[in-house]
2 protein chains.
Amino acid sequence: MLAPVPLAEIAPPTIASQPICDWAKAHYRDRCFAKDEPIPARPGLLYLVERGAIRLMGMTQTPAPGSRPLSPAEQSEAVLLGFVRAGLPFEFVARSPFHFDAYAHVDGTQVIWLYWPDLELWPEIQQSIWAAFRYQHQRKLLWLSTLGQRRTIDRLVGILTLLMEECGEPWQGGYRLPFPLTHAHLGSAIGSTRVTVTRLMGRLRERGVIVISDDNLIGMP
Amino acid sequence: MLAPVPLAEIAPPTIASQPICDWAKAHYRDRCFAKDEPIPARPGLLYLVERGAIRLMGMTQTPAPGSRPLSPAEQSEAVLLGFVRAGLPFEFVARSPFHFDAYAHVDGTQVIWLYWPDLELWPEIQQSIWAAFRYQHQRKLLWLSTLGQRRTIDRLVGILTLLMEECGEPWQGGYRLPFPLTHAHLGSAIGSTRVTVTRLMGRLRERGVIVISDDNLIGMP
């Protein structure tokens with residue numbers, strides 16, 4: 001018989017990807033992307049972020065059958081699904097009517113790609129790639145849990161906290177995101193609008209929940 | 001240089017778990033749960049659904065700092081994060097202030113559990129467990145994408161479609177969920193209320209998008 005006890009969190013995996021990165025460079029399977037440049041999607045490919053960060057965006061392209069057509073503004077609504085930082089893998093998921101895009105979130109984002117069978121050359125790295133997807137699955141359950149909160153401000157603080165944990169760097173005794181994040185992107189992640197996020201971010205600053213640094217980065221003390 | 005092309009979906013993995021299930025039974029690591037009975041959570045354990053289905057629920061327990069306290073109704077809001085059908089693994093994620101629960105969704109749900117290192121006895125099964133988490137990660141990206149839609153009816157149809165794909169059985173030329181699903185659970189998954197879901201489900205029935213069978217199961221023709 002099992003008893004409920006407190007659970008430990010799994011640590012984010014670290015992928016010792018240097019051998020793969022060297023191999024990818026030797027095989028012309030690496031590329032450097034400028035900020036906001038889309039990463040071309042290919043079936044069956046596994047991508048690894050070597051430097052920088054990837055922004056994953058999702059979009060559902062068709063409205064419910066029988067509903068009025070979406071307005072152009074509604075159609076253009078891509079949803080921020082998260083970031084993939086250096087050292088973590090990602091892949092493109094395809095499932096009509098869903099559409100995924102990945103963009104370099106910062107200048108100089110370096111990405112390598114390979115086919116899954118290539119990984120068999122490095123069994124240990126393969127293992128840590130699997131572990132990385134397991135970790136990312138757990139993180140997405142946390143995202144879903146946060147997004148289920150009714151109040152927009154709770155969803156906003158929840159997503160900011162998750163992002164700090166996933167991508168943040170130590171800063172003034174707390175954490176700070178190492179890259180800028182627009183209020184429009186934040187709004188899309190929490191099912192809200194840019195205008196609402198701007199208003200709520202102001203309130204969170206007043207309360208000292210967040211701090212905006214001089215270079216426009218978001219910190220949480 | 002990569003070019004954008006249409007992508008294939010990864011197939012849901014099938015785990016040939018019979019050897020593990022036999023082993024778990026021999027080691028008293030299996031149990032049968034009644035409908036809505038909670039699965040006790042243990043750190044470091046890996047769970048495998050042998051029969052039935054698991055309902056994963058998530059909850060965020062603290063409101064944004066400085067916000068008014070949550071009402072009891074708001075506090076009790078657990079969010080449906082999805083189902084784990086027979087043949088797939090799950091585990092408990094812990095990350096304060098998040099809390100996860102798993103419940104047997106149908107009577108006679110059979111679950112086995114083991115520690116990750118136990119898996120090394122069966123390298124092939126271990127491989128398919130990793131693949132299953134990769135698959136579930138992809139599905140959760142689809143969920144997040146669907147939940148980013150502004151209109152509640154689009155989110156509802158999106159989640160129903162995803163659930164049909166993940167758990168549905170062939171039925172009348174379409175698919176049907178093999179278990180009942182309350183409007184309250186559906187509402188929690190899409191950030192809406194039971195009342196709204198009831199109204200929208202009525203509209204979807206009128207349009208023929210969904211069919212409710214005699215035994216109260218949801219089908220999509």
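**Reading a helix pair and a domain contact**

Modeller: In this predicted model, helix α4 (residues 152-167) of chain A and helix α6 (residues 194-206) of chain A have axes that come within 10 Å and cross at roughly 75°.

Colleague: How are two packed helices described?

Modeller: Two packed helices are described by the angle between their axes and by the distance between those axes. Angles of 65 to 115 degrees count as roughly perpendicular, and α4(A) and α6(A) are therefore roughly perpendicular to each other.

Colleague: Which residues make the contact?

Modeller: From α4(A) come A:Thr152, A:Ile153, A:Leu156, A:Val157 and A:Leu160. The α6(A) side supplies A:Thr196, A:Val197, A:Leu200, A:Met201, A:Arg203 and A:Leu204. Sorted by class, the contact of α4(A) with α6(A) has eight nonpolar, two polar and one charged residues.

Colleague: What domains does the assignment give for chain A?

Modeller: The domain assignment gives domain 1 (13-147) and domain 2 (151-221). Their centres, taken over C-alpha atoms, are separated by 22 Å. In the contact, 16 residues come from domain 1 of chain A and 15 residues from domain 2 of chain A.

Colleague: What area do domain 1 and domain 2 of chain A bury between them?

Modeller: The two domains bury about 1500 Å², with 68% of it on carbon and sulfur atoms.

Colleague: How many salt bridges does the rule find across the interface of the two domains?

Modeller: The rule finds two salt bridges across the interface of domain 1 and domain 2 of chain A.

Colleague: What do the side chains of A:Glu165 and A:Arg139 form?

Modeller: The side chains of A:Glu165 and A:Arg139 form a salt bridge, at 2.7 Å from N to O.

Note on methods
Residues numbered from 1 in each chain as written. Chains lettered and ligands numbered in written order. Predicted model: local features only at pLDDT ≥ 70, side-chain atom pairs only at ≥ 80, totals over all residues. Heavy atoms only, no water. Axes fitted to C-alpha atoms, helices over the stretch in contact; angles between N-to-C directions. Helix = DSSP H or I, 4+ residues; strand = E, 2+ residues; numbered from the N terminus. Parallel < 35°, antiparallel > 145°, perpendicular 65-115°, else oblique. Contact = heavy atoms within 4.5 Å. Nonpolar A, V, L, I, M, F, W, Y, C, P; charged D, E, K, R; others polar. Domains from an automatic or database assignment. Buried area = accessible area lost by both parts, 1.4 Å probe. Salt bridge = Lys/Arg side-chain N within 4 Å of Asp/Glu carboxyl O.
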